[in-house]
Amino acid sequence: MTRVALVTGAARGIVAATVRALAAEGWRVLAVDRCEDDPALPYPLGTRQELDRVAAEAAAAAGDPGAVRALPADARDGDALAEAVAAAERSWGGLDAAVAVAGVIAGGVPLWEMPLAQQRAVLDTDLGGVLALARAAIPALLRRPQPRRSRFLAVASAAATRGLPMLAAYCAAKAGVTGLIRALAVELRGTGVTANAVSPGSTDTPMLAESARLYGLPGPESFAAQQPLGRLLRPEEVAAALVWLAGDGSSGMTGAVVPVDGGLAL
């Protein structure tokens, strides 16, 4: 049976790498991204052109033009995600993995000085988007016949366990993701659907470049020294963990938050 995944935040970064890696493993992938900027945030988000390019390149590399579809949808919008889930089911007959990765970052000042609109953008996307995908996708995962091997996955962050100054809302959102994954794992007991997360460290993505700007650093490479690995992670390294968690090799795991952080959280 062909396995089907829905992935949010797919226009670039870790998620784009995840779409490519899933397609290379033979998955059918619905690649979702909001494809527009957020007026509350001072940096550009992924575009429709980027999303379409990710989908086309992933499908071409997999040797199957129908392996990946691009769909603009806001991860904060539960109705839009429900429509995306339905689109995946119509296209490929079901859903086997939902991967919540869409995220934004804001801060650069103490929490009490952070504009409320930015705080809402971070919490609504980084935590609310995971909640919204869980509500939309888990019923579809449960519609797969027994014995199931379905997966709900999310991306947390080393910020879930480390207090990062001037990123308090981001830390709160990512800590919320880890709590949600643990609760879902218990709620899904005995269903054949597991819930796990990956917790990345400093990864070479546009979001990390924005983090460097918020801290007044010359660029994302400035974060490399804080990781015992001594370098930034590549998006493909985080994607590899997500693809493994989506597969049968992770069948004995649920409620886990797997660090792929270069040792940052040590």
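The exercises below work through a predicted model of one protein chain. Residues are numbered from 1 along each chain as its sequence is written, and side-chain values use heavy atoms, without hydrogens and water. Because the model is predicted, local features need pLDDT of at least 70 and side-chain atom pairs count only at pLDDT 80 or more, while totals for chains, interfaces and linings use all residues.

**Exercise 1.** State how many helices and strands the chain has, and check its radius of gyration against that of a compact globule.

*Solution.* Step 1: take helices as DSSP runs of H or I with at least four residues, and strands as runs of E with at least two, numbered from the N terminus. The chain then has eight helices and seven strands. Step 2: apply the globule rule, 2.2 Å times the number of residues to the power 0.38, with the radius taken over C-alpha atoms. For 266 residues the rule gives a value near 18 Å; the chain has 17 Å, which agrees.

**Exercise 2.** Find what share of the residues is buried.

*Solution.* Step 1: call a residue buried under 20% relative accessible area, exposed over 50%, and partly exposed in between (1.4 Å probe, protein chains only). Step 2: by this scale, 53% of the 266 residues are buried.

**Exercise 3.** Examine helix H1 (residues 13–24): its span, its cover and its packing.

*Solution.* Step 1: the expected span is 1.5 Å times one less than the number of residues. Step 2: nine of the 12 residues are buried, among them Gly13, Ile14 and Leu22. Step 3: with contact meaning heavy atoms within 4.5 Å, the buried residues of H1 pack against partners including strand E1 (4–8), strand E3 (68–72) and helix H8 (235–246). Step 4: after H1 comes Gly26, with a positive phi near 95°.

**Exercise 4.** Describe the backbone at Cys35, Met166 and Pro147.

*Solution.* Step 1: most residues other than glycine have a negative phi, and most peptide bonds are trans. Step 2: Cys35 has a positive phi near 60°; it sits in the loop between strand E2 (28–33) and helix H2 (48–62) and is buried at 17% relative accessible area. Step 3: Met166 has a positive phi of about 70°; Met166 lies in the loop between E5 and helix H6 (168–187) and is partly exposed at 31%. Step 4: the peptide bond between Gln146 and Pro147 is cis, with omega about -5°. Pro147 belongs to the loop between helix H5 (128–143) and strand E5 (150–155).
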